[in-house]
Amino acid sequence: PLTAAAAALLSAFGPALAAEGDDIEQLTKPSSAIEVGAAGVSKDNQRFGQYSGLNEHGGYGIVDFSIVRRDDPTGTWLRLTGRNLGLDNRELRFENNRQGNWGYFIDYSETPRFDPYTVTTQLTGIGTTTQTITGSATPREYHLKTEREAWTLGFDKAIARGLSLQVRFRNEEKDGARLWGQGTFGTWRFLTDPIDQTSRQIEATLNYNREGLQLSGGYYGTAFENRNKRLNVVGAAVLFAGSDQMALPPDNESHQFNLAGGYSFSKLTRMTFKVAYGRITQNDLEAFVKGVMAG
């Protein structure tokens, strides 16, 4: 009877124990992998591959990989991963960290956006800050798109018991052209928005957690730079004063300092608080004024 009971328990819990053992082995003895594949699109479809690049008829290569190394004596991990390397929405990440001590990573990604519409127009200068409206040019087809290219850097450090620091920085470049227009009193003009922009974000956070007291404070800042300040419209009748120029998004930046925390007086009583101070500035007055005039 004892042997039968042991066999029954083993049959019931054996698979779970084996799975748990596999998870532990995967954490202590990591493995690497490389995947190579191919994809095919039978017909052009601008909406299907709007954010991946699989929008045109043809074949595509796909490469994913994950390389993992662990130094057992120091508990140091090294990871290198890649995703969709044969497509337009590719991603790469390098990460190095020592458990419970420090770590850093570098991320790179590309994100396209293909406009799902085919534009047939006589407008010239598409994608630039000077666009000409003319009735004499031969109509042409355009497939507008934008592309984002982003770098993200991160750093983590355990400074002391209960005290840690996190820092993140992201830089994103965006360029291309998208649908735009101008109109008033029933008159409409097709234009495109020429995009050449940079967005930056930085965040630093200091965390403290010890004996019922938790504190988290830091700084968060953003900066937006638009290299194209205005769009010049040429070759069309003036709809109203200033309609030959249209303002594009102006440069701006923001800064915020914050502190949040809590303290447990007992198991039933706890106090929490949160305070933040922020400042947002936008100094491109000329572009703002022209934007108001353009409606």
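**Strands, turns and a pocket in a predicted model**

Trainee: How many bridges join β10 to β11?

Mentor: These two strands run antiparallel. Within the pair, Val-167 stands opposite Ala-204 in β11. The number of bridges that join β10 to β11 is 22.

Trainee: Which residue in β10 is the bridge partner of Leu-153?

Mentor: Strand β9 covers residues 145–160 and strand β10 covers residues 163–184. They pair in the antiparallel sense over 14 bridges. The bridge partner of Leu-153 in β10 is Phe-169.

Trainee: Which residue in the turn between β9 and β10 has a positive phi?

Mentor: β9 and β10 form a hairpin, and two residues lie between them.

Trainee: Is Asn-84 buried or exposed?

Mentor: Asn-84 is found in the loop between β3 (76–83) and β4 (91–98). Although Asn-84 is not a glycine, it has a positive phi of about 55 degrees. Its relative accessibility is 11%, and buried means under 20%, so Asn-84 counts as buried.

Trainee: Is Glu-211 buried or exposed?

Mentor: Glu-211 has its place in the loop between β11 and β12. Its phi is near 50 degrees, a positive value in a residue other than glycine. The relative accessibility of Glu-211 is 69%, and exposed means over 50%, so Glu-211 counts as exposed.

Trainee: Which residue in β12 stands opposite Leu-206?

Mentor: Strand β11 (residues 187–210) and strand β12 (residues 213–226) run antiparallel and are joined by 14 bridges. The residue in β12 that stands opposite Leu-206 is Gly-217.

Trainee: How many charged residues are in the lining of the largest pocket?

Mentor: The largest pocket has a volume of about 160 Å³. Asp-44, Gln-46, Asn-55, Glu-56, Phe-114, Asp-115, His-143 and Leu-144 line the pocket. By class, two of the lining residues are nonpolar and three are polar. The number of charged residues is three.

Terms used
Residues numbered from 1 in each chain as written. Predicted model: local features only at pLDDT ≥ 70, side-chain atom pairs only at ≥ 80, totals over all residues. Heavy atoms only, no water. 1 Å grid on protein atoms, 1.4 Å probe; cavity = no way out; pocket = protein on both sides within 12 Å on 5 of 7 lines; lining within 4 Å. Points joined across faces, edges and corners; volume = space filled by probe spheres on them. Nonpolar A, V, L, I, M, F, W, Y, C, P; charged D, E, K, R; others polar. Pairing = 2+ DSSP bridges. Helix = DSSP H or I, 4+ residues; strand = E, 2+ residues; numbered from the N terminus. Buried < 20%, exposed > 50% of the residue type's maximum accessible area, 1.4 Å probe, protein only.
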